[in-house]
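Welcome, and thanks for taking a look. Below is a short tour of the packing, the strand pairing and the aromatic contacts, with a word on confidence.

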Amino acid sequence: MVEAVITLLRRLSLLSVLLALTPAGFAHRLDEYLQATLVAIEPDEIRLQINLTPGVAVAENVLAQIDRDQDGAISKNEVAAYAESLKRDFTIRLDERDLELQLTASKFPAPADLRTGRGIIQAEFFVVSGKLASGAHRLTLENRHLPEISVYLFNAARPESGTIQINRQKRNENQSSGEIEFALQPTRSA
Amino acid sequence: MRKTFVSLVVTAGMIPLAATSLPAQEATPPASPSSSSTPAGEIAAAAKTFLDTLDDTLRSQLVYDFNDREQRRRWSNFPSPIFERGGLRMGDLTQAQRAAAMTVLAAALSPEGYEKVLRIVEADQALKETGSGGLEGPGRGPGGRRGGPGGGLIFGHDNYYISFLGEPSASEPWMIQFGGHHLAINLTLAGERGTLAPSHTGAQPAIYEIEGKMVRPLGDETDKAFALFSSLDETQRQQALIGAKMHDLVLGPGRDGQTIAPEGIQGSALSDKQREMLLDLAGEWTGIQNEAHARTRMEEMKKNIVRTWFAWSGPTEKGGAAYFRIQGPTIIIEYAPQRMGGDATGHIHTIYRDPTNDYGVKWLKP
């Protein structure tokens, strides 16, 4: 109990120090949850790589979403539950067709690291799209996860396959939604 | 009034170079290490001289195994104690040891690159001295432990760290890391080859005063970028503009291995003069390295200039908090004002990467 109080006091001490600093003095992201989505498009698959970095001032809010039983640890079930909530907040479409997401990998730092403001939650989703047909395509993505505290980045990854050409990227102003126009070049037969 | 830049860095054990653009006071260049005549030999010799100033304990803290993946990636824009760095903390070294450490850096970087590093570090000292930081946290004990959990943020030139991966050598691969708040120099050397990719430079404050003179650690980057954007005609500008707020670097610290599709205006759509301006702008990052390494990087860029992109986001008038990106086959540079309240132009983060050769990986394949 005493240790828990000391730990809480230390966290509050760090948080209060950070919040007391003027914006001109020290302006690292404190009260925002940075959600950076990278869309990797290849001929046989589309993946979302999402890096989520809560600032110090919002880390407890984010942790409350993850550590549901508030035991100070993030269990496998809680990881799965949070990934599911992320999935629900993403809408992805290919050529106007809604697509499903499947979680393929995730990495959750310890709560203590998340509280420092430098812990990064990583989640990767496979987009169930089927094999892409040759020709032009348009992928759209909308991220509605925790908009009250979040800032967003949306980018297409550079394709590894030479047959995928990213032609254009568009984003709304805060990058919570984005669009990628791309083309799959037909492969030449031998 | 703040002391001169030169006297401050000398006090801090950092050896300044002749500073033509800094307030007038003649600077003392570092003592030339006795060594072979090749840059690789000079760097290795300087590193060995530094090692000779250390006892076994400090040496073991400085030098990591070359294959230590965790240390290789242990760099950040964050200050202590949010981010804990490896290696030796400058504030824990004697003056002589610090001077020897900085001589390594001076040997490894160009004069302009070394000066840029000093200016970035001095900006952090300015951040500490203006009262917005510098709260020394508890837990700093023997061996250079940094402020522990629950302690304040720690700014200033004492809080930069140096480390080596591998033993200094004129022929075998090894790595120099030097970094702290808003700085991460990751220099991988393999014989006469060297790369700074990936490295981070930043500044906060982005402008500060010494004896009435203004110092802008990233001023050249900013001015050249605006000059390039201003040179674009309306059609070119529309191609260059990313129509969204860029809140941060996309490929900053922690984003090793990630790549993004290029955007903006391609080099093929630029005039010869604009391509020169683009190369000159990129040179603010590639030119941090010593002349030989920088020349190689620039030649690579020139070969690929028509396939190099320039993208812009945010204000287009000079002085605005604009984001820009340069991306080509062998280079990615991002420059991102940090929009977190206050004047974003006063707090800049940048990143330099080589998608083909971060950490010199293509020289190290068996």
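## Briefing

Of the 366 residues of chain B, 61% count as buried. Please keep in mind that this is a predicted model. Chain B has 11 helices and 14 strands, and among its contacts between residues at least 6 apart in sequence, 65% join residues at least 24 apart.

**Nonpolar cores**

- The largest nonpolar core holds 69 residues, and those touching the most other members are B:Phe50, B:Leu62, B:Ile162, B:Phe164, B:Ile176, B:Phe178 and B:Phe310.
- Helix α5 of chain B, residues 95-108, gives the most to this core, contributing eight residues.
- As background, nonpolar side chains in soluble globular proteins tend to be buried together.

**Strand β14 of chain B**

- Strand β14 of chain B spans residues 348-353 and is mostly covered, with six of its six residues buried.
- In a regular strand, side chains alternate between the two faces of the sheet.
- In β14(B) both faces are covered: B:Ile348, B:Thr350 and B:Tyr352 are buried on one side, and B:His349, B:Ile351 and B:Arg353 are buried on the other.
- Strand β7 of chain B (residues 199-203) runs antiparallel to β14(B) and is joined to it by five bridges.
- Strand β13 of chain B (residues 331-337) also pairs with β14(B) in the antiparallel sense, over six bridges.
- B:Thr350 is a handy landmark in β14(B): B:Thr201 has it as bridge partner, and B:Tyr335 stands opposite it.

**Aromatic contacts**

- Over all chains, the count comes to 11 aromatic pairs.
- One of them joins A:Tyr82 and A:Phe108 edge-to-face, at 6.0 Å centre to centre with 85° between the planes.
- That pair links distant parts of the chain, 26 residues apart: A:Tyr82 is in helix α3 of chain A (residues 76-89), while A:Phe108 is in the loop between β4 and α4 of chain A.
- A:Tyr82 counts as buried because its relative accessibility is 2%, and A:Phe108 is buried with a relative accessible area of 17%.
- B:Phe324 and B:Tyr335 form a stacked pair, 4.7 Å centre to centre and with 15° between the planes.
- Here too distant parts of the chain are linked, 11 residues apart: B:Phe324 belongs to strand β12 of chain B (residues 323-328) and B:Tyr335 to strand β13 of chain B.
- B:Phe324 counts as buried at 1% relative accessibility, and B:Tyr335 is buried with a relative accessible area of 5%.
- B:Phe324 and B:Tyr335 also belong to one aromatic cluster with B:Phe226, B:Phe229, B:Trp285, B:Phe310 and B:Trp312.
- B:Arg72 lies over the face of B:Phe66, at 4.7 Å from the ring centre.

**Confidence**

- Chain A averages a pLDDT of 86, and 83% of the residues score at least 70.
- Over residues 4-27 of chain A, pLDDT stays under 50, and for these residues the model has 41 contacts beyond four places in sequence.
- Where pLDDT is low, the predicted coordinates should not be read in detail.

Key. Residues numbered from 1 in each chain as written. Chains lettered and ligands numbered in written order. Predicted model: local features only at pLDDT ≥ 70, side-chain atom pairs only at ≥ 80, totals over all residues. Heavy atoms only, no water. Core = buried A, V, L, I, M, F, W, Y, C linked by side-chain atoms within 4.5 Å. Buried < 20%, exposed > 50% of the residue type's maximum accessible area, 1.4 Å probe, protein only. Helix = DSSP H or I, 4+ residues; strand = E, 2+ residues; numbered from the N terminus. Pairing = 2+ DSSP bridges. Phe/Tyr/Trp six-rings, centres within 6.5 Å; stacked < 30°, edge-to-face > 60°. Lys NZ or Arg CZ within 6 Å of the ring centre and 35° of its normal. pLDDT = per-residue confidence, 0-100. Contact = heavy atoms within 4.5 Å.
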